[in-house]
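I opened my notebook to look up a few things in this structure.

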Amino acid sequence: MNPRQLKTFLAVARFGNLTRAAAEANLAQSSLSDQMQSLEQELGVQLFERSRQGVTLTPAGHVMQTYAEEILALHDEAGIAIRAAAQKSEQTLTIGTLETIAAEKLAAFLPRFRKAHPEIDLTLKIGGSGDLQRWLEDGSIDLAITFDRGQTDQRFINRLISHEPLALISGNAGAPPPTALAELSELPFIATGDGCVYRRLFDAAFAEAAVAAPRIVTQADSITTIIRLVASGVGYGLVPRLAIDAHAKRGDVVELPWPGKAPSASLIMVWRRRRVQPPTLSRLLAVAQTELRPLRPADARLRHEG
């Protein structure tokens, strides 16, 4: 089993289609089929069930998928660690994050980090929470900065950056604020679809308040879209407060008090667990832990005075 063969196997497993997997692996379909047959012959097991609808993994194939991912991750990790030890590692970092976090947290932080470390080339990839998980798994990004989904995966390390408050917003400046949690259940809300990290935050806020979740009258694909729909009067929203500052200043939306303890979201950094971390990633982690925290009043005064 060689790395190229394993990458090809994972492409077939991911797409369930030889034509799409061949395009992904930049191979002729006949070459891809030869590689998979050679892999099955080497292992002495059938890895795929083939049909007119495509290919699916056998039980042995599912086991193979887990080990293939780990073997490739270890292969990449070894190369990075060895080059770093020889001082020949590439000074690059790829960060994956959500659109809201990129605009409100990283747009200011990354230029400061780049100025302090001009030798490090940065790439920022924007995607949904599912994209970030997939990019971490396939090594497309070195670090994800996202909201915690409450999932545990021993392949990765999570580090808390901050607890970001969620804001209840309305587009009607004269809307009376709810005085009891139960009243929220009667309001029309706009939220992202199931499976999105923002939807999990929305559902968790009502579950933790022990009240029935409200009716979602419109589903939108991003926090920015939700805020715009709320501003137009379609319904209420529950979004990270860091996303509404500009809109609130313009008067597009109004933040209403949350009856009871206000909900919050955990902003975390996630990266692959390695025996030896790349020096560039270690530098970013150390700085981000401090720089990405919300500014307390005392911090703001000290920075202003400095």
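I began with a definition: a salt bridge is a side-chain nitrogen of Lys or Arg within 4 Å of a carboxyl oxygen of Asp or Glu. I also noted that this is a predicted model.

**Entry 1: charged pairs**

How many salt bridges does the structure hold? I found 14. I then picked out Asp153, which forms a salt bridge with Arg155. Their closest N and O atoms are 2.7 Å apart. Asp153 counts as partly exposed, at 27% relative accessibility.

Arg155 also meets the side chain of Glu137 in a salt bridge, 3.0 Å from N to O. Arg155 lies in the loop between strand S5 (143-147) and S6, and Glu137 in helix H6 (residues 129-138), so this pair ties together parts that are 18 residues apart in sequence. Arg155 is partly exposed, with a relative accessible area of 23%. Glu137 is partly exposed as well, at 29%. Salt bridges that share partners join Glu69, Glu137, Asp153 and Arg155 into one network.

Next I looked up Lys105. Its salt bridge is with Glu164, and the closest N and O atoms are 3.0 Å apart. Lys105 lies in helix H5 and Glu164 in strand S6 (residues 156-170), so the pair ties together parts that are 59 residues apart in sequence. Are Lys105 and Glu164 buried or exposed? Both are buried.

**Entry 2: helix H5**

I stayed with helix H5, residues 99-116. It has 18 residues and reaches 24 Å from its first C-alpha to its last. That is close to the 26 Å expected at 1.5 Å a residue. Where is the kink in H5 centred? I found it at Leu106, with a bend of about 60°. Leu106 is also one of the buried residues of H5. Others include Thr100, Ile101, Phe109 and Phe113.

**Entry 3: strand S3**

I turned to strand S3, residues 92-97. Five of its six residues are buried, so S3 is largely enclosed by the rest of the structure. S3 and strand S4 (residues 121-126) run parallel, joined by six bridges. Thr94 stands opposite Thr123 in S4.

**Entry 4: a nonpolar patch**

Met1, Leu43, Val45, Val63, Tyr67 and Ile71 make a nonpolar patch of about 520 Å². Which helix gives the most to the patch? I noted helix H4 (residues 59-85), with three residues. Val63 is found in H4. Val63 counts as partly exposed, at 47% relative accessibility.

Note on methods
Residues are numbered from 1 along each chain as its sequence is written. This is a predicted model: local features need pLDDT of at least 70, side-chain atom pairs count only at pLDDT 80 or more; totals for chains, interfaces and linings use all residues. Side-chain values use heavy atoms; hydrogens and water are left out. Patches are made of residues with over 30% relative accessible area and no salt bridge: like charges are joined within 9 Å, nonpolar side chains (Val, Leu, Ile, Met, Phe, Trp, Tyr) within 5 Å. Accessible areas come from the Shrake-Rupley method with a 1.4 Å probe; for residues, only the protein chains shown count as cover. Helices (H or I, at least four residues) and strands (E, at least two) are DSSP runs, numbered from the N terminus. Buried means under 20% relative accessible area, exposed over 50%, partly exposed in between (1.4 Å probe, protein chains only). The expected span of a helix is 1.5 Å times one less than its number of residues. The bend at a residue is the angle between axes fitted to the seven residues ending there and the seven starting there. Two strands pair if DSSP finds at least two bridges between them.
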